[in-house]
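Trainee: Could we go through this one together? I'd like to see how the labels follow from the numbers.

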Amino acid sequence: MLLSLLRENISMDDPAFSDTSTQNTRVLRRHRIRHTKSRNGCYPCKHRRVKCDELQPACGTCASRGEPCSYPLPRIPSKRPPRPREKATGNKDGGPSSDSFDPSNGALPLDATLPAIFSSHNTHARVDLPMNDLKLLQFFNSYTTKQMSPHPRRAIVWQRIIPEIACKNRYLMHLLLALGGIHMITQHEANRTSGFEDLDTVDLAIVMEHHQRGLEGFREEVPRLSPSNAEDLLTGSVLLVAFAFASLMVQELNPLGRTPEEMNSPTGNSSSANDILRLNWLYLNRGVTSILYDQWHVLRSSRLRQMLVFPQHNESLKDLPFAPLPSRLSRCSPRLVKFAEGASQAVANIKASLRALEPARDYLSSCSGTPTPHLPESPTTLDSVVDAQSETIDVLDTLYLRILSVLRCEATDNPADLEIQLDFEEAAILAWPVQLPSPFLASLERGEPNYLGGYSLVILAHFYLANTLLDMWFLKGSFEREILKVNTLIDSLNESQLSTLMLWPNEVVASTLRCTP
C-alpha cells in the first residue's frame with residue numbers, strides 16, 4: 001500500500017527524485033521479502049488467504065472453525081538443475097504454469113483429494129489414475145451422499161464422515177465406489193426410460209469388481225472386531241446394506257431363474273422361492289446388529305452415532321390419537337391413503353388365515369394332491385414353522401402400527417412428502433429384517449411348494465409393501481418387482497385363499513408413490 005502511494009505522488013521522471021525513489025523502492029522490497037510468511041500452510045488457509053500457524057494434524061484456524069485441515073505433501077528435492085526464472089514462473093505466453101496450484105479457484109491437487117486406493121507405491125513413478133474410479137468417486141460425492149437420507153444430521157454423516165473413514169481404509173473405499181456405481185447405473189436406467197439425456201456411466205463389471213474386493217476385505221476384518229475397528233466395520237455394513245437394497249433394482253443382478261410361463265407350466269417342476277427371489281440381503285441387514293450389540297458402548301459415542309438414533313422407534317406411537325381428516329392423509333399420494341385404509345384389516349386377515357391352519361395340518365402335508373417331500377412330517381417341526389409364522393405376523397403388526405402412527409399425525413407447513421419420509425426414517429421402517437425370527441427365514445430358504453410355504457411368502461410380501469412407501473433411490477421399483485415375483489409363486493400353487501391375501505398388496509402397489517405438497 002505504501003509503495004503504491006509513493007508511485008502516485010512522486011514523478012518518476014523527475015531527476016531530483018529518481019535515485020531516492022529507486023532506493024526507497026529497493027528498501028521496501030527487501031523489507032517485504034524478509035516478512036515472515038506461511039509457506040507450508042494448509043490448503044484451507046491458502047484458499048482463504050490467511051496466515052497459517054502450520055500446526056499438525058490441524059492448524060489453529062481450522063480447529064477453531066471445526067473444518068477439515070489438509071496439508072500439501074512434502075516436496076521431493078529434485079536433482080535436476082534449476083530452470084530459468086521465466087520458465088519456472090510462467091509459460092511462453094506469460095501465463096501461469098500448468099503445474100502450479102492456484103488456491104483461489106477452490107480446487108485441490110489430486111494428491112490431496114484422492115484416497116490411498118489411487119496412490120502409487122513408487123512416489124517417483126508416473127501415476128496412471130483410473131478414470132472410471134474417478135467417475136465413481138465424483139458421482140458418489142456429488143449425488144449419492146445427498147440422496148441417502150432426508151435427515152440433516154445423517155446427511156452430514158454420508159457427505160463427510162463416511163467418505164473420510166473410507167479414505168483411510170482400502171476395502172471401505174471399494175465399497176464406497178461400488179455404491180456410487182450402482183447408483184449411477186440405476187440413475188442411467190431411470191433417465192433412459194424417461195427420455196432424458198444419457199449419463200456417462202461405468203460398466204457394471206467394474207462396479208461389481210469394487211463390490212467383491214470390498215466384501216473380501218470386510219470379511220477379513222469381521223473376525224477381528226474390536227473397539228479399534230468397530231467404526232470401520234459399521235461403515236462397511238452400512239455401505240453393504242445400501243448396495244444390497246440397490247442391487248434389487250438391477251436386472252442383471254436380479255434375474256429370473258425361470259420365466260413365469262415355465263413355472264406355471266403343468267409339465268414343469270414346481271417353483272420355489274429360491275428360483276426367483278433374492279433373500280441374501282435380509283441376512284446382510286441382520287448381520288449389522290451383531291456389530292452393534294458387540295460394540296455398542298463404542299459406537300454410540302462414535303462419529304456414526306447419528307446413524308444409530310431413531311427416537312420414534314418405540315411402542316408409544318401406538319397410543320397416539322387418530323387425527324381425522326384433514327391431516328397428512330389429505331395431502332398424501334393414493335398409495336399411502338390406500339395403505340392407511342387397509343393395513344389393519346390386512347393384518348387381521350392374515351391372522352385369521354393362520355388360525356385356520358390349526359385344524360388343517362393333515363391338508364398341509366398333501367396340498368392339492370401334490371407330493372411334498374420337503375415338508376416336515378413330524379408334528380413338532382410343523383408346529384415350529386407355524387409358531388414362527390405367528391411370531392412374524394406380530395412383527396408385521398407392530399411395523400404397520402408404526403407406519404399408521406406416522407400417517408395419523410397432524411400435517412404441518414412443511415412439504416408433505418419430505419415430512420412423512422423423514423418421520424418414516426425416524427420410525428426405523430427399514431429395520432424390520434433384523435426382527436424376523438430365524439425359523440421364518442429358514443422356511444423361506446427351504447421354499448416348500450405347498451400352502452405352508454406360500455403362506456410365508458404372503459407374509460414376506462406384506463413386509464415388502466412397507467418398503468414401497470419410502471421414496472429413496474435405492475428402493476424405487478425394487479420391492480414392487482419382488483412383490484410381483486411373490487405373485488408368480490403364489491399363482492403356481494393354485495391356492496385361492498393365498499391369492500386373496502395378495503389382493504390388497506397388489507392394489508397398494510398399483511397406486512402412485514410420491515406425496516404432493
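Mentor: Buried residues make up 43% of the 517 residues in the protein. This is a predicted model, where local features need pLDDT of at least 70, side-chain atom pairs count only at pLDDT 80 or more, and totals for chains, interfaces and linings use all residues. Residues are numbered from 1 along each chain as its sequence is written, and side-chain values use heavy atoms, leaving out hydrogens and water.

Trainee: Okay, so why is Arg402 called buried?

Mentor: Buried means under 20% relative accessible area, exposed over 50%, and partly exposed in between, using a 1.4 Å probe and protein chains only. Arg402 comes in at 6%, so it counts as buried.

Trainee: Where is Arg402 found?

Mentor: Look in helix α18, residues 379–408. Helices are DSSP runs of H or I with at least four residues, strands are E runs of at least two, and both are numbered from the N terminus. The protein has 24 helices and 0 strands.

Trainee: How many disulfides does a search of the whole structure find?

Mentor: It finds 0.

Trainee: What makes Cys52 a cysteine in no disulfide?

Mentor: A disulfide is a pair of cysteine sulfur atoms within 2.5 Å. The nearest cysteine sulfur to Cys52 belongs to Cys42 and is 3.9 Å away, so Cys52 is in no disulfide. Cys62 is in none either, with the sulfur of Cys59 nearest at 3.6 Å.

Trainee: And are Cys52 and Cys62 buried or exposed?

Mentor: Cys52 has a relative accessible area of 4%, so call it buried. Cys62 is at 1%, so that one is buried too.
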